[in-house]
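Here is a short tour of one protein chain, written for someone meeting it for the first time. Have a look at the sequence and the fold before reading on.

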Amino acid sequence: DVRKKIDEMENAAAEERYRSGESLLAQGAWERAIGEYGAAEGFKHGYKDTAEKTALAFYSWADENVTRRAYRQGAEHYLKAMERGGRSYQDASAKSGAIYAALGRHFIGADRCRQAVRDLRQAGDLLGNGSVSADLAAAESCAVTPVAILPLVNPTGASVAGMALGDTIADATASKVKANASEFVHLMERAALDAVLCGCREHGGVKTSAAVRGPKK
């Protein structure tokens, strides 16, 4: 029976790789153990408890990362443990969420607000948004770059019937920026920009720095 023989060979190969994974797991060789469990599953999908053992290897690896202060890598490995062992696997969700929350707060203090937003959103997904809502609001506010498209001057005098070329070009540019910019780029509305420009003129000249700020990291 050819099918039976093939099945026996696949089981034997899966068992060999599974046992290798067990040995490596006991030695604390997490990455290699994960590779061996994956190879066992390659021969026989869902072989024995390979998914659970892979989750354990990722979780143990994450604990080691944290001990060595490789916090982001640790958080990522806790997430991998959850992928294989389920969202409720041990306390991987709480540990990973706490790391992302701490990273987000660190990056707010370092003025790297966009990275802070990404980390705090990840923390919110893991811990619940209420746990980091105040920090996330501060990071999102800090991460925004207001951009103004200033009115364009048309020194050529060229015109198109029914169009003010300077305003038309400025509006087209603003539409392009709005369509392609990230969520952190906020275009100033024309009314708000006019108010800024008028205020600047009253104090002796147009200061474009009042309308355009540099990007947040």
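**Before we start**

This is a predicted model, so to speak of local features we need pLDDT of at least 70, side-chain atom pairs count only at pLDDT 80 or more, and totals for chains, interfaces and linings use all residues. Residues are numbered from 1 along each chain as its sequence is written, and side-chain values use heavy atoms, with hydrogens and water left out.

**The whole chain**

The protein chain has 9 helices and 2 strands. Helices (H or I, at least four residues) and strands (E, at least two) are DSSP runs, numbered from the N terminus. Walk along the sequence and the pattern reads α-α-α-α-α-α-α-β-α-β-α.

Of the 217 residues, 34% are buried. Buried means under 20% relative accessible area, exposed means over 50%, and partly exposed is in between (1.4 Å probe, protein chains only). The chain exposes about 12,800 Å², with carbon and sulfur atoms supplying 54% of that area. Accessible areas come from the Shrake-Rupley method with a 1.4 Å probe, and for residues only the protein chains shown count as cover.

Now for contacts, meaning heavy atoms within 4.5 Å. Among those with a separation of 6 or more, 57% link residues 24 or more positions apart.

**Two helix pairs**

Two packed helices are described by the angle between their axes and the distance between the axes. Here, axes are lines fitted to C-alpha atoms, for helices over the stretch in contact, and angles run from 0 to 180 degrees between N-to-C directions.

| Pair | Axes come within | Crossing angle |
|---|---|---|
| Helix 3 (residues 50-67) and helix 4 (residues 71-85) | 8 Å | roughly 165° |
| Helix 6 (residues 113-127) and helix 7 (residues 133-143) | 8 Å | roughly 150° |

Helix 3 and helix 4 are therefore roughly antiparallel to each other. Angles under 35 degrees count as roughly parallel, over 145 as roughly antiparallel, 65 to 115 as roughly perpendicular and the rest as oblique. The crossing of helix 3 and helix 4 is left-handed; that is, the near helix is turned anticlockwise from the far one by less than a right angle (clockwise would be right-handed). The residues in contact include Phe58, Tyr59 and Trp61 of helix 3 and Tyr71, His77 and Tyr78 of helix 4. By class, this contact has 10 nonpolar, 6 polar and 3 charged residues. Ala, Val, Leu, Ile, Met, Phe, Trp, Tyr, Cys and Pro count as nonpolar, Asp, Glu, Lys and Arg as charged, and the others, Gly among them, as polar.

Helix 6 and helix 7 are roughly antiparallel to each other too, and helix 6 passes helix 7 in a left-handed crossing. Among the residues making the contact are Val117 and Leu120 of helix 6 and Leu136 and Ala139 of helix 7. This contact has 8 nonpolar, no polar and 4 charged residues.

**A few single residues**

Leaving aside its neighbours within four places in sequence, His77 is in contact with Phe58, Trp61, Ala62 and Asn65.

Gln90 sits in the loop between helix 4 and helix 5 (92-109). Its phi is near 40°, a positive value in a residue other than glycine, and at 48% relative accessibility Gln90 counts as partly exposed.

Asp111 is found in the loop between helix 5 and helix 6. Phi of Asp111 is near 60°, a positive value in a residue that is not glycine. Asp111 is partly exposed, with a relative accessible area of 38%.
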